[in-house]
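Dear colleague,

I am passing on the structure we spoke about, and would be glad if you could look through it alongside the notes that follow.

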Amino acid sequence: MTKLSEIANRYDALFCDVWGVIRDGRSLLPPAVEALQEYRKQGGRVCLVSNSPRRHPSLLEALAEMGFPEDAWDCAVTSGDAIHEELVKRSQGKAFKIGPDWDEALYEGLGLEFVGIEEADFITCTGPDDYWNGRPEHYQQVLEVALARKLDLVCANPDIIVQAGDQMIFCAGAIARYYREMGGSSIVAGKPHQPIYRLAFEALARNGGAVDPERVLAIGDGPETDIEGAARAGVDAMLIAGGILQAEMRDDGFSPETVVAILAEYGVEARWIAPQLVWS
């Protein structure tokens with residue numbers, strides 16, 4: 001089990017995931033919050049890098065309401081930030097919206113008109129309408145119409161599943177993947193894709209100066225997002241196995257060998273592995 005204190009001096013900054021690392025979808029994880037606080041006390045910087053479809057001010061506000069302290073982070077970027085540029089290009093257009101009402105802030109100021117699928121110019125998706133129970137196949141009929149009309153699906157959250165307490169829930173990325181498997185086209189900008197990492201490096205540069213990618217550690221629980229994204233961004237990765245991989249480990253408990261084998265099935269590897277983010 002790797003503890004952050006053991007490797008902190010190797011890195012000047014962290015790209016830290018949110019869901020599955022510092023919160024479980026319902027509550028903050030105090031050991032992880034403490035780890036970030038201690039890391040910053042040592043002079044390190046923390047950029048929260050989240051696939052949340054919210055833009056980062058909204059995410060930080062929500063975390064603050066949960067009790068996430070200001071001394072645990074320096075800056076934040078989200079998939080919502082990264083996809084916003086694509087939505088700006090489509091502003092004043094007609095969109096078919098998939099996602100819960102609380103994601104409406106993503107569209108503020110864009111002048112989009114939300115219409116039925118037969119009238120839409122594209123689909124915008126922040127996640128299932130039913131946050132807790134929605135599944136990709138629930139949208140098969142509407143996606144079949146979209147496919148026939150050759151509409152793009154603009155995905156504001158590339159995550160496939162995310163941990164929410166003791167439950168795993170589907171995200172917008174699952175719907176986007178389902179559409180691609182049908183033959184449709186999706187547009188994504190969050191992890192593991194480059195736009196969100198470009199924003200993260202820019203955010204760090206504004207908050208303490210530019211940082212060498214070799215001195216950055218990405219921490220996350222998603223093999224297809226956090227770990228793959230770290231490789232694409234040219235930074236080291238720490239896999240938190242107590243997040244979405246927990247179900248795949250079944251009754252084996254935490255063992256580095258099991259986690260390495262699971263990561264190999266995804267075609268990725270992490271330099272460091274831990275069941276949860278802790279300082280010491």
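**Pockets, cavities and a helix pair**

Helix 8 contributes the most to the lining of the largest pocket, with 4 residues. Helices (H or I, at least four residues) and strands (E, at least two) are DSSP runs, numbered from the N terminus. Please bear in mind that this is a predicted model, in which local features need pLDDT of at least 70 and side-chain atom pairs count only at pLDDT 80 or more, while totals for chains, interfaces and linings use all residues. Residues are numbered from 1 along each chain as its sequence is written, and side-chain values use heavy atoms, with hydrogens and water left out.

The largest pocket has a volume of about 600 Å³. On a 1 Å grid over the protein atoms alone, a pocket is an open set of points with protein on both sides within 12 Å along at least five of seven lines, a cavity is a set where a 1.4 Å probe fits but cannot get out, and lining residues have an atom within 4 Å of a point. Grid points are joined across faces, edges and corners, and a volume is the space filled by probe spheres set on the points. Of the 39 residues that line this pocket, W19, Y131, N157, V162 and C171 lie nearest its centre. Its lining divides into 20 nonpolar, 9 polar and 10 charged residues (Ala, Val, Leu, Ile, Met, Phe, Trp, Tyr, Cys and Pro count as nonpolar, Asp, Glu, Lys and Arg as charged, and the others, Gly among them, as polar).

The search of the whole structure also finds 2 cavities of 30 Å³ or more. The largest cavity, of about 50 Å³, has a lining to which strand 11 (216-220) gives the largest share, 3 residues. The second largest cavity holds about 30 Å³ of space, and R54, R55, S58, W102, D103, A105 and L106 line it.

Finally, helix 4 (residues 79-89) and helix 7 (residues 194-206) pack at an angle of about 115°, with their axes 9 Å apart; axes are lines fitted to C-alpha atoms, for helices over the stretch in contact, and angles run from 0 to 180 degrees between N-to-C directions. Helix 4 and helix 7 are therefore roughly perpendicular to each other (65 to 115 degrees). Their contact (heavy atoms within 4.5 Å) is made by S79, D81, A82 and E85 of helix 4 and P195, I196, R198 and L199 of helix 7.

With best wishes

Terms used: Angles under 35 degrees count as roughly parallel, over 145 as roughly antiparallel, 65 to 115 as roughly perpendicular and the rest as oblique.
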